[in-house]
Amino acid sequence: MQTLTYNSFPQVVTIAGSDSDGSAGAQADLHSFFVRNVYGMSILVAAVAGNSYGISAGHQFPLDFIDAQFKAIADDFHIRSAKTGMLANSELILNVAKNYRRVNFGPLIVDPVITTKHGAKLLEDQAIDTVRDILLPLATVATPNYSEAQAIVGFDFENENDVARAAQKIQGFGTQNVIIKGYHGDNFEGKTVSDYVLLADGSHYTLRANYIETEHINGTGDTFSAIITAEIAKGNSIKASIDIAKKATHQAIANTIQVGHKFGPINHWAIN
C-alpha cells in the first residue's frame with residue numbers, strides 16, 4: 001500500500017491583490033508558480049477592476065478576512081516561501097506583517113509595488129514609510145524597480161553608483177538581499193536594461209538584458225519576484241533563484257502574446 005506523504009510538494013503563497021484581467025497581481029504570480037513547478041496559493045488583500053486600458057475601480061478586503069486566509073493556509077499547508085505584491089496602504093502592510101510573524105511561511109520576497117508600469121498609483125504616499133520600517137525588515141529578498149527604490153530611499157539616481165548606494169541603504173533597513181530592477185540611465189538608447197543585485201554577504205553584480213520595445217509588459221515585476229519565490233521553495237540558492245527569474249522573465253517579455261487592445265500581459269508559456 002502506498003504511503004502518503006502530506007505536503008511534500010513545494011508550496012508557496014502570494015499575498016497580493018487580484019487583477020481582474022489576469023495580467024498582474026496574484027494572477028501573474030500564480031501563472032509564474034505554475035510554470036516553475038510549484039503549487040501556488042493566494043492570500044488576497046484587495047481586488048481591482050481592470051483591463052488592458054487601465055484600472056477603473058478597486059476594493060480592499062476586510063482585515064479579519066485577511067487574517068482568516070492566513071490562518072486557513074497555515075493550519076493545513078507547508079509553505080516554503082512567500083511573496084508580497086500590492087499592499088495599498090499602511091493598514092494592509094501592518095496587518096500582513098503581523099500575520100507573517102505569526103506563521104511559518106519561510107523566506108519572504110517583498111515586491112514593493114508603488115505604481116503600475118503605466119503610472120497608476122497603487123500605494124498611498126504616507127505608506128512608503130511603513131514599507132521601509134515594517135515590511136522591508138522582514139524581507140529575505142526585496143525587488144523594487146528603480147523608481148520604487150528612489151521613493152524608498154528618498155533620492156534620485158544619476159548614475160549606477162547611486163543605484164548601488166540605494167541598494168546598500170535598503171539593505172540597511174533590514175532586507176537581506178536587494179535587487180533594483182530596470183535602471184537604464186538618463187541617456188537611454190533602447191539597448192540594454194540593468195538589474196543591480198546586492199546579496200546578503202555583501203557581494204554584488206549586475207544582470208543585463210536587451211531592451212524589448214513592447215506594450216506587453218503587464219506583470220513583469222510580479223513574475224520576476226514570483227519566480228524567485230518558486231525557486232527558493234525548490235531549494236535553490238538566492239543567487240540562482242534571481243538569475244533564473246531574470247532569464248525567465250526576459251523570455252516572457254520577448255515572446256509576445258496578443259491579449260487585450262492596449263497594455264497586454266507577458267507570455268508565461270514562453271518560460272522554460
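Predicted model: local features only at pLDDT ≥ 70, side-chain atom pairs only at ≥ 80, totals over all residues.
Biologist: Which strand pairs with S4 in the parallel sense over five bridges?

Modeller: That is strand S1 (residues 11–19), which pairs with S4 in the parallel sense, and within it you can find Val-12 standing opposite Ser-81 in S4. Strand S4 itself spans residues 79–84 and is mostly covered, since five of its six residues are buried.

Biologist: Which helix makes a β-α-β unit with S4 and S5, and what is the handedness of the unit?

Modeller: Follow the chain from S4 through helix H3 (residues 90–102) to S5, and you trace a β-α-β unit that is right-handed.

Biologist: What is the order of the strands in the open sheet?

Modeller: The sheet has nine strands in the order S3-S2-S1-S4-S5-S6-S7-S8-S9, and its pairing is mixed. At the edges lie strand S3 (54–60) and strand S9 (204–210), each of which pairs on one side only. For an antiparallel example, turn to strand S7 (residues 177–183) and strand S8 (residues 192–198), which pair over four bridges, with Val-178 having Leu-198 in S8 as its bridge partner.

Biologist: How many aromatic pairs does the structure hold, and why is the pair of Phe-70 and Phe-105 called stacked?

Modeller: The structure holds three aromatic pairs. To read such a pair, look at the distance between the ring centres and then at the angle between the planes: for Phe-70 and Phe-105 the centres are 5.9 Å apart and the planes are at 10°, so the pair is stacked.

Biologist: Which residues line the largest cavity?

Modeller: The structure holds one cavity of 30 Å³ or more, and about 30 Å³ of space lies in the largest cavity. Its lining is made by Gly-85, Leu-87, Pro-112, Val-113, Leu-123, Val-131 and Leu-135, which divide into six nonpolar residues, one polar and no charged.

Key. Residues numbered from 1 in each chain as written. Heavy atoms only, no water. Buried < 20%, exposed > 50% of the residue type's maximum accessible area, 1.4 Å probe, protein only. Helix = DSSP H or I, 4+ residues; strand = E, 2+ residues; numbered from the N terminus. Pairing = 2+ DSSP bridges. Right-handed = clockwise from strand over helix to strand, strands pointing away. 1 Å grid on protein atoms, 1.4 Å probe; cavity = no way out; pocket = protein on both sides within 12 Å on 5 of 7 lines; lining within 4 Å. Points joined across faces, edges and corners; volume = space filled by probe spheres on them. Nonpolar A, V, L, I, M, F, W, Y, C, P; charged D, E, K, R; others polar. Phe/Tyr/Trp six-rings, centres within 6.5 Å; stacked < 30°, edge-to-face > 60°.
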